[in-house]
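Have the model open beside this text.

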Amino acid sequence: MSLDASAVAHIAHLARLGIDESAVPDYARNLSEIIDFVEQLSGVDTGDVEPLAHPLEMGQRLRPDEVSETDQRERFQAIAPATEAGLYLVPRVIE
Amino acid sequence: MHEYSITELAAGLERGDFTSRELTGHYLERIRRHDGTLNSFISVTEEAALARAEAADARRARGEAGPLTGVPIAHKDIFCTDGVRTSCGSRMLDNFIAPYDAHVVERLDEAGAVMLGKTNMDEFAMGSSNETSFYGPVSNPWDTAAVPGGSSGGSAAAVAARLTPAATGTDTGGSIRQPASMCGISGLKPTYGRVSRYGMVAFASSLDQGGPMARSAEDLAVLLGAMAGFDHRDSTSVQREVPDYRATLGDDIRGLRIGLPAEYFGEGLDAGVRAAIDEAVAALRAEGAEITEVSLPNTHLAVPVYYVIAPAEASSNLSRFDGVRFGYRCEDPRGLEDLYTRSRGEGFGDEVKRRIMVGTYALSAGYYDAYYLKAQQVRRMIRDDFTRAFEDVDVILGPVAPTPAFDIGEKADDPVQMYLSDIYTLAVNLAGLPGLSVPAGFANGRPVGMQLIGNYFDEARLLNVGHRFQQATDWHTRAPGDFA
């Protein structure tokens with residue numbers, strides 16, 4: 001199976017990645033090679049093997065629901081591209 | 001001074017042979033002199049380093065020194081360092097001044113280590129050659145036409161060239177062990193969960209693990225002792241006592257059962273690498289180890305499994321880089337969609353974009369079962385191979401990589417060929433096991449590393465075997481001629 005230019009454009013859109021038009025053929029070729037390469041997994045008889053998501057298969061720890069972090073908004077917003085009055089600014093989305 | 005081990009440096013500082021201020025100044029001078037050739041550092045924090053060195057000297061004068069007090073170290077630029085740029089080798093984070101320290105950085109600070117700077121790396125740790133860095137490729141100190149390996153290529157090159165006695169690295173599919181092997185140094189990827197991932201920029205969260213890089217197993221033991229331990233801020237951090245890794249370094253290895261997986265010595269293995277590993281096996285046999293063959297029958301599936309799971313996790317992790325809260329933002333966005341799309345398109349390099357797209361594809365509607373779920377099933381089969389092998393042996397031994405370092409540019413245009421250079425290291429991450437790389441000779445004048453794989457939380461045994469090997473051989477003491 002191989003990915004064509006429109007499939008690459010679709011995936012790039014899903015991932016919100018801007019790709020130069022001129023670079024699409026290269027991506028299509030590289031991604032197709034990678035997908036073809038991992039395709040060999042489809043031939044493996046996995047029967048009813050349980051999927052392994054985490055190497056140690058541990059459960060999640062719980063902690064008491066208490067305040068543990070202090071407010072550091074000013075510190076964190078100091079490295080943001082654009083803020084105002086404690087808010088992150090993005091282009092207008094509602095006219 | 002730059003030929004001393006960490007233990008020797010600590011002893012020298014304690015005796016007053018030199019101060020940390022002098023030692024740190026010496027390493028900073030070496031970085032100035034040599035790093036123009038290597039490009040192993042992204043940032044050198046000279047002023048802060050000298051201030052910290054003075055503080056370490058004061059701490060020692062008060063009689064409060066630990067094993068790392070005043071010893072210089074470099075951090076891979078994937079670890080957040082409060083007030084210092086943490087770029088992760090990417091244009092996306094070129095302007096990112098971390099507002100907090102990673103747990104590993106905190107721990108090493110508390111132990112008194114002195115940070116010299118931040119080392120170069122493949123962008124977001126995605127690479128096996130350090131060629132995907134936004135800050136340019138790193139050269140291998142043994143041959144500047146060769147790659148240093150990756151993704152912790154800057155750390156490996158800096159340690160090999162004696163620009164720092166120690167460095168941190170991270171290993172998602174071999175990124176500590178493979179560059180350690182290619183640069184002729186020692187590197188340890190601990191058991192998943194042994195070292196906290198807090199403040200370590202995430203690539204593939206079920207595989208990522210931080211660890212130490214240095215010249216000897218003995219140095220790694222000191223470093224791991226400082227880095228390891230429980231951290232409530234990492235949900236997969238393991239609550240388990242940290243042993244004294246130094247205490248067992250010299251233990252006898254007579255009767256130790258070492259397994260050689262047939263699958264790690266087959267087609268594709270360079271003859272020179274094979275010869276070096278054979279010789280290393282003979283050295284361990286002479287130490288009294290019992291050598292047997294084991295089988296890891298699903299080894300050939302590790303690369304395809306990894307290249308589904310790692311990109312899938314990466315595509316999710318890297319969705320946080322959106323040009324809104326921190327990092328790169330494109331000029332004059334025409335709307336929110338344009339802001340996301342162009343910030344990410346311009347901020348990420350090609351390999352990162354490729355992996356995000358592979359992961360997005362593997363997780364997309366209609367393909368999830370065929371790729372992601374299937375890969376997780378095979379992941380268990382790979383893990384079970386190791387579980388079975390460890391019923392019969394204590395340690396598994398093989399090469400780290402099928403070839404010594406390749407030339408810069410040689411594989412840059414062929415992602416699948418590049419991925420295959422991690423064929424012996426990826427399975428260890430998929431299983432979550434610890435793996436050690438130690439220098440074991442040369443092939444075509446470039447270093448070769450031997451890999452020792454241990455059972456879960458068996459780092460002490462790996463370091464013990466590595467140390468005994470380094471007592472019997474001197475590969476780890478060799479320095480690249482131009483940087484002696």
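Start with a salt bridge between the chains: B:E337 pairs with A:R16, and their closest N and O atoms are 3.4 Å apart. This is a predicted model. Side chains of opposite charge can pair when their charged atoms come close. The cut-off for a salt bridge here is 4 Å. Between chain A and chain B the count is two salt bridges.

Stay with A:R16 for a moment. The residue sits in a loop of chain A, between α1 (5-14) and α2 (24-38). Its backbone also deserves a look. Most residues other than glycine have a negative phi. A:R16 is not a glycine, yet its phi is positive, at about 50 degrees.

Now widen the view to the whole interface. The size of an interface is often given as the accessible area lost when the parts come together. Chain A and chain B bury about 5300 Å² between them. Carbon and sulfur atoms account for 68% of that area. On the chain A side, A:L41, A:L52 and A:R61 lose the most area to chain B. Together these three make up 13% of what chain A's side buries. The contact draws 51 residues from chain A and 69 residues from chain B.

Salt bridges are found beyond this pairing of chains too. Over all chains, the count comes to 36. One lies within chain B, where the side chains of B:R60 and B:E14 meet at 2.5 Å, N to O. B:R60 belongs to helix α3 of chain B and B:E14 to helix α1 (residues 6-15), so the pair ties together parts 46 residues apart in sequence.

Helix α3 of chain B has another partner. Two packed helices are described by the angle between their axes and the distance between the axes. In chain B, the axes of α2 (residues 20-38) and α3 (residues 46-61) come within 8 Å and cross at roughly 160 degrees. Angles over 145 degrees count as roughly antiparallel; α2(B) and α3(B) are therefore roughly antiparallel to each other. Their crossing is right-handed. From α2(B), the contact residues include B:T24, B:L28 and B:R32; from α3(B), they include B:A49, B:L50 and B:A53. By type, the residues of this contact divide into five nonpolar, three polar and five charged.

Finish with a peptide bond in chain B. Most peptide bonds are trans. The one joining B:G150 and B:S151 is cis, with omega about 10 degrees. B:S151 is in the loop between β3 (114-119) and α5 (153-160) of chain B.

Methods
Residues are numbered from 1 along each chain as its sequence is written. Chains are lettered from A and ligands numbered from 1 in the order in which they are written. This is a predicted model: local features need pLDDT of at least 70, side-chain atom pairs count only at pLDDT 80 or more; totals for chains, interfaces and linings use all residues. Side-chain values use heavy atoms; hydrogens and water are left out. Axes are lines fitted to C-alpha atoms, for helices over the stretch in contact, and angles run from 0 to 180 degrees between N-to-C directions. Helices (H or I, at least four residues) and strands (E, at least two) are DSSP runs, numbered from the N terminus. Angles under 35 degrees count as roughly parallel, over 145 as roughly antiparallel, 65 to 115 as roughly perpendicular and the rest as oblique. A crossing is left-handed if the near helix is turned anticlockwise from the far one by less than a right angle, and right-handed if clockwise. Contact means heavy atoms within 4.5 Å. Ala, Val, Leu, Ile, Met, Phe, Trp, Tyr, Cys and Pro count as nonpolar, Asp, Glu, Lys and Arg as charged, and the others, Gly among them, as polar. Buried area is the accessible area (1.4 Å probe) that two parts lose on being put together, summed over both.
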